[in-house]
Amino acid sequence: MYSPDADGLLAEQLLRLTRRLHRSQKRQLESADIAITPAQSRLLRTVTHYDAPPRMADLAARLEVVPRAVTSLVDGLEASGRVRRVPDPANRRVVRIELTDAGRDTLRQLRTARRAAAEDILAPLTAEQREVLGGLLSALVDARPERHC
């Protein structure tokens with residue numbers, strides 16, 4: 001029989017699993033000597049979703065943060081050589097953010113670390129169990145939350 005406490009337990013298990021995944025990925029990055037924050041990593045991945053270098057405002061909107069937060073992230077990534085600010089060819093007052101070769105290399109290393117962390121976490125599961133888990137997680141990620149009035 002289903003109980004409301006089961007949802008709380010599932011939520012707690014998901015949080016614990018997410019923390020384990022983050023810790024494992026962090027260890028992978030540290031062993032590869034990659035110094036990057038999770039927020040910087042997210043910004044780098046977000047830049048790749050655009051066909052052309054995005055504006056800072058585009059990144060802020062997609063990341064759902066205030067523009068000042070993006071400025072701080074870009075400052076750090078620019079200082080490490082992973083991104084650069086470039087003027088918009090159509091409007092020189094607009095600044096766009098593009099990945100550098102170092103940024104692309106960092107993204108490759110991040111993907112490798114994420115895969116290794118996932119392999120570590122998923123090791124106890126069979127291929128069939130992984131497929132089922134993937135389907136369940138997709139259903140949760142893709143679900144539109146209902147608005148309760």
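## Salt bridges

A salt bridge here is a side-chain nitrogen of Lys or Arg within 4 Å of a carboxyl oxygen of Asp or Glu. This is a predicted model, so local features need pLDDT of at least 70 and side-chain atom pairs count only at pLDDT 80 or more, while totals for chains, interfaces and linings use all residues. Residues are numbered from 1 along each chain as its sequence is written, and side-chain values use heavy atoms, with hydrogens and water left out.

Searching the whole structure turns up seven salt bridges. One of them pairs the side chains of Arg85 and Asp75, at 2.7 Å from N to O. That pair links distant parts of the chain, with Arg85 in strand β1 and Asp75 in helix α4, 10 residues apart. (Helices are DSSP runs of H or I with at least four residues, strands are runs of E with at least two, and both are numbered from the N terminus.) Arg85 is partly exposed at 28% relative accessible area, and Asp75 is partly exposed too, at 36%. For these labels, buried means under 20% relative accessible area, exposed over 50%, and partly exposed in between, using a 1.4 Å probe and protein chains only.

Glu98 has a relative accessible area of 22%, and Arg84 has 38%.

Asp101 counts as exposed at 60% relative accessibility, whereas Arg104 is partly exposed at 35%.

## The buried side of α2

Helix α2 covers residues 38–47, and its buried residues are Gln40, Ser41, Leu43, Leu44, Thr46 and Val47. These pack against α3 (56–63), α4, β1 (83–87), β2 (95–99) and α5 (101–122), where contact means heavy atoms within 4.5 Å.

Ser72 belongs to helix α4, which spans residues 67–79. Ser72 is partly exposed, with 40% relative accessible area.
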